[in-house]
Amino acid sequence: MALEGRKINFAAGPAKLPEEVLLKMQEEQLNFNNLGVSVIEMSHRSKEFGVLLNETISLIRELMNVPDNFEILFMQGGGTGQFAAIPLNLKGSHDHADYIVTGAWSSKAADEAQKYIKVKKVFQPSKPYVTVPDQEKWVHDEKAAYLYYCANETVHGIEFTPTAPESHNVPLVADVSSNFMARPFDFKDHGVVFGGAQKNLGAAGLTIVIVRKDLIGKEQGITPSVFSYKEMIANNSLYNTPPTGGIYTTNLVLKWIKAKGGLQAIYELNLKKSGLIYGIIDNSNGFYHCAVDKRYRSIMNVCFRIGGPSGNDELEEKFLKGAIERNMISLKGHRSVGGIRASLYNAITLEETQVLATWMNEFEKQHNTN
Ligand code: PMP
């Protein structure tokens, strides 16, 4: 569905929401469920909001197939808040945690965690980030409180695929901020799975945290109550005022995912979309260049340079300018890496991806001299 005046928005997050969801929000903005108020005007302790909250939790459980021994929490503070909340909640009597650093976000997570636990990196990260080093060479430890990884590095376009890292008998902690519900997820070996909603699942402000029950209740004494998994579970995420508008938005997005056929259908579409763009990159004789190891290419954030491995600034600027003229926005790569980044989150349609593909083909014809 293309709505008049709307751009094709390839932003990395906050990102595009399905038009169906935005229209539903518009329709319900003044009068939700005949209650005469908007959701964001309702008490978070009202019966009606409770129904919405519990339905949202059930939808996550159903769509992601979350096992019964996990709790689903709605928190605030973003993925960044969880960088601290994780060691605060999981340290227990352990001395250290192991971190897999494959990009900017796992690096930030490790830096933040150091304030609350001793951090050991399972390998020495090397820049530029383009791959996940071979697991046989990792050095880690069964004594760690947990083994942390970022399931999708948004800045570089590196995704753990098709499986999570080997856990070596410690709980895995996964940051799924940028591939939340982009594909079916296997909770095996996981202790905590978390992410902000603002890419695939809704609006900024809501952080979804899925925690294995046996890990709850070991938090450090200094843990702020709003970051305490135990406190949040005891109060069904209503310890304090939750991001009610964010929960509502996610509720609608989850219903949209369900109507699309669930995570397997969404995944197949995401493979098609990203495959289309990677296909053009790979067939361009190096005109388009994606540095990421093919085994770990992200289906969410396709990052590439134009005019060679280090990019040609002039060509990249021209490409972005032409994209804007063709109604496409937010294709500029993260400022730390440059180049182009097309974020193909769930709400981006195949048709929208095709508009980008057409522009890439046209641009290559104009400028590829190879
Ligand atoms: N992890 C990943 C993989 C991210 O992409 C981001 C945000 N782009 C974060 C964590 C931080 O999330 P927030 O801004 O919600 O704190």
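Select S237. This residue sits in the loop between α5 (229-234) and α6 (244-259). Helices here are DSSP runs of H or I with at least four residues, strands are runs of E with at least two, and both are numbered from the N terminus. The model is predicted: local features need pLDDT of at least 70, side-chain atom pairs count only at pLDDT 80 or more, and totals for chains, interfaces and linings use all residues. Numbering runs from 1 along each chain as its sequence is written, and side-chain values use heavy atoms, with hydrogens and water left out.

Stay on S237 and check its backbone. Phi is positive, about 65°, although S237 is not a glycine. Most residues other than glycine have a negative phi, and most peptide bonds are trans. S237 counts as buried because its relative accessibility is 1%. The classes are: buried under 20% relative accessible area, exposed over 50%, partly exposed in between, with a 1.4 Å probe and protein chains only.

Go to N285. Its phi is near 60°, again a positive value in a residue other than glycine. N285 lies in the loop between α7 (262-282) and β11 (288-289). Is N285 buried or exposed? N285 is exposed, with a relative accessible area of 61%.

**Two cis peptide bonds**

Select G13 and P14. A cis peptide bond joins them, with omega about -5°. P14 belongs to the loop between β1 (8-9) and α1 (19-28).

Next, select T161 and P162. They too are joined by a cis peptide bond, and omega is about -15°. P162 is placed in the loop between β7 (158-159) and β8 (172-175).

**The ligand**

Surrounding it are 13 residues, and the closest are T80, T154, D175, Q198 and K199. A residue counts as near when one of its heavy atoms lies within 4 Å. The shell divides into three nonpolar, eight polar and two charged residues. In this scheme Ala, Val, Leu, Ile, Met, Phe, Trp, Tyr, Cys and Pro are nonpolar, Asp, Glu, Lys and Arg are charged, and the others, Gly among them, are polar. Which helix gives the most to this shell? Helix α3 (residues 78-90) does, with four residues.

- D175: a polar side-chain atom lies 2.6 Å from a nitrogen atom of the ligand.
- K199: an N or O atom of the side chain is 2.8 Å from a nitrogen atom of the ligand.
- W105: an N or O atom of the side chain is 3.3 Å from an oxygen atom of the ligand.

On its own the ligand has 390 Å² of accessible area, and the protein covers 84% of that. Areas come from the Shrake-Rupley method with a 1.4 Å probe; for residues, only the protein chains shown count as cover.

**S106 and its contacts**

Select S106, in helix α4 (residues 104-113). S106 is buried, at 0% relative accessible area. Its side chain makes a polar contact with the side chain of E153 at 2.5 Å. It also reaches the backbone nitrogen of T102 at 2.9 Å. A polar contact is a pair of N or O atoms within 3.5 Å; within protein, one must be able to donate a hydrogen and the other to accept it, and residues adjacent in sequence count only if both atoms are side-chain atoms.

Pick S228, in the loop between β10 (207-212) and α5. S228 is buried, with a relative accessible area of 1%.

Then pick N312, in the loop between β12 (301-306) and α8 (313-325). N312 is partly exposed, at 30% relative accessible area.

**Cysteines**

A disulfide is taken as a pair of cysteine sulfur atoms within 2.5 Å. The count by this rule is zero. C290 is buried at 11% relative accessible area, and C303 is buried at 13%.

**Last selection**
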